[in-house]
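I opened the model to look up a few points on its fold. My notes follow in the order in which I checked things.

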Amino acid sequence: MASQIELYQKYVLQRALPLSEKVVEAYYHHPRHLFIPEYTIEEAYSDQALPLYAKGPFVSTISQPSFVLKILDLLKLEEGQKVFELGTGSAWNTALMAFIVGPTGKVVSVEVIPEMAERAKQTLKSFSVNNVLAIEGDGFEGYEAEAPYDRLIFTAGSTEFPEKLFTQLKEGGRMIFVRQHYLGYDVLEVTEKKDGKPVIVDSMPCSFVSVVRKKNPA
């Protein structure tokens with residue numbers, strides 16, 4: 001007989017399918033509820049975004065789980081790839097990606113909120129996720145020391161295209177960018193780098209918190 005957790009997990013998974021086998025494997029390897037202990041099991045798998053932090057200009061959430069899985073599927077991660085993530089948050093998405101790219105791959109994740117950055121580092125350490133470099137800073141600037149990247153992913157929205165970060169993406173690489181529009185809605189854009197230019201290959205409506213920049217980005 002399936003446990004209550006397994007039933008909750010199956011509920012979310014069914015809402016996300018179809019997915020690649022590797023994304024499903026990552027989902028079960030890193031259960032969502034372990035990354036948000038402040039919530040009950042039922043809340044963790046309620047398939048909705050949940051608030052994690054709100055202070056001053058800073059807001060952090062953990063996104064709707066079925067949507068996180070769909071986004072990972074769109075990212076088309078492969079073993080051995082190097083991925084840049086803007087917005088570490090709870091580090092759940094970070095851990096999922098780290099599992100998919102495997103020990104020969106690497107995830108570089110930058111979080112602007114100091115408290116969330118520290119929480120993420122401790123969480124990843126506790127689960128022995130060793131192929132992640134978690135940094136506090138302005139993710140919009142990217143992280144040139146580890147560039148170039150095979151994949152880029154935003155977990156927050158922006159009205160401004162990340163030109164500097166995009167230069168750190170390999171030719172033929174893929175980026176998930178959340179574009180915020182002045183009319184009050186967000187669009188998730190799946191973008192590929194072709195001849196050095198961004199080409200949108202897929203898009204869908206979504207809702208994310210806004211990117212917050214450091215006042216004096218390095």
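**Entry 1: Phe 166**

Is Phe 166 buried or exposed? The model is a predicted one, and I read everything below with that in mind. I found Phe 166 in helix H7, which covers residues 163-166. Its relative accessible area is 4%. The cut-off for buried is under 20%, so Phe 166 counts as buried.

Next I listed what touches Phe 166. Leaving aside neighbours within four places in sequence, Phe 166 is in contact with Leu 152, Phe 161, Met 175, Thr 191, Lys 193, Gly 196, Lys 197 and Pro 198. I took one of these, Lys 193, for a distance check. Phe 166 and Lys 193 lie 27 residues apart in sequence, and their C-alpha atoms are 8.3 Å apart in space.

**Entry 2: the sheet**

I then traced the strand order. The model has an open sheet of seven strands, in the order E5-E4-E3-E6-E7-E8-E9, and the pairing is mixed. Strand E5 (132-136) and E9 are the edge strands, each pairing on one side only. From one strand to the next the twist averages 15°. As a reminder to myself, strands of a sheet pair through backbone hydrogen bonds, either parallel or antiparallel.

**Entry 3: E6 and its partners**

How many of the ten residues of E6 are buried? I count nine, and the strand is mostly covered. E3 runs parallel to E6, with four bridges joining them. In that pair I noted Leu 86 opposite Phe 154 of E6.

Strand E6 (residues 149-158) also pairs with E7, again in the parallel sense, over six bridges. Gly 157 has Val 178 of E7 as its bridge partner. Arg 151 stands opposite Arg 174 in E7.

I looked at Thr 155 separately. Thr 155 belongs to strand E6. With a relative accessible area of 23%, Thr 155 is partly exposed, because the buried class stops under 20%. From Thr 155 to Glu 136 the separation is 19 residues in sequence and 15 Å in space, C-alpha to C-alpha.

Strand E7 (residues 169-180) and E8 run antiparallel and are joined by seven bridges. Met 175 stands opposite Thr 191 in E8. Both Met 175 and Thr 191 are also among the contacts of Phe 166.

Strand E8 (residues 186-194) has eight of its nine residues buried, so I noted the strand as mostly covered. On to its pairing with strand E9 (residues 197-206): the two are antiparallel over nine bridges. Val 190 has Asp 202 in E9 as its bridge partner.

What sits between E8 and E9? The two strands form a hairpin with two residues between them. Asp 195, in the turn, has a positive phi of about 55°.

**Entry 4: H2 against H5**

I moved on to helix packing. The axes of helix H2 (residues 21-29) and helix H5 (residues 92-101) come within 9 Å and cross at roughly 125°. That angle makes H2 oblique to H5. The crossing of H2 past H5 is right-handed.

H2 makes the contact with Lys 22, Val 23, Glu 25, Ala 26, Tyr 27 and His 29, and H5 with Trp 92, Leu 96, Phe 99 and Ile 100. Sorted by class, the contact of H2 with H5 has seven nonpolar, one polar and two charged residues.

I also checked H5 against the sheet. H5 lies across strand E3 (82-86), strand E4 (106-111), E5 and E6. Its angle to E4 is about 165°.

**Entry 5: H1 against H4**

How is H1 oriented relative to H4? Helix H1 (residues 4-16) packs on helix H4 (residues 65-75) at an angle of about 50°, with the axes 8 Å apart. The two helices are therefore oblique to each other. H1 passes H4 in a right-handed crossing.

On the H1 side the contact is made by Val 12, Leu 13, Arg 15 and Ala 16, and on the H4 side by Pro 65, Ser 66, Leu 69 and Lys 70. I sorted the residues of this contact of H1 with H4 as five nonpolar, one polar and two charged.

Notes
Residues are numbered from 1 along each chain as its sequence is written. This is a predicted model: local features need pLDDT of at least 70, side-chain atom pairs count only at pLDDT 80 or more; totals for chains, interfaces and linings use all residues. Side-chain values use heavy atoms; hydrogens and water are left out. Buried means under 20% relative accessible area, exposed over 50%, partly exposed in between (1.4 Å probe, protein chains only). Two strands pair if DSSP finds at least two bridges between them. Axes are lines fitted to C-alpha atoms, for helices over the stretch in contact, and angles run from 0 to 180 degrees between N-to-C directions. Angles under 35 degrees count as roughly parallel, over 145 as roughly antiparallel, 65 to 115 as roughly perpendicular and the rest as oblique. A crossing is left-handed if the near helix is turned anticlockwise from the far one by less than a right angle, and right-handed if clockwise. Contact means heavy atoms within 4.5 Å. Ala, Val, Leu, Ile, Met, Phe, Trp, Tyr, Cys and Pro count as nonpolar, Asp, Glu, Lys and Arg as charged, and the others, Gly among them, as polar.
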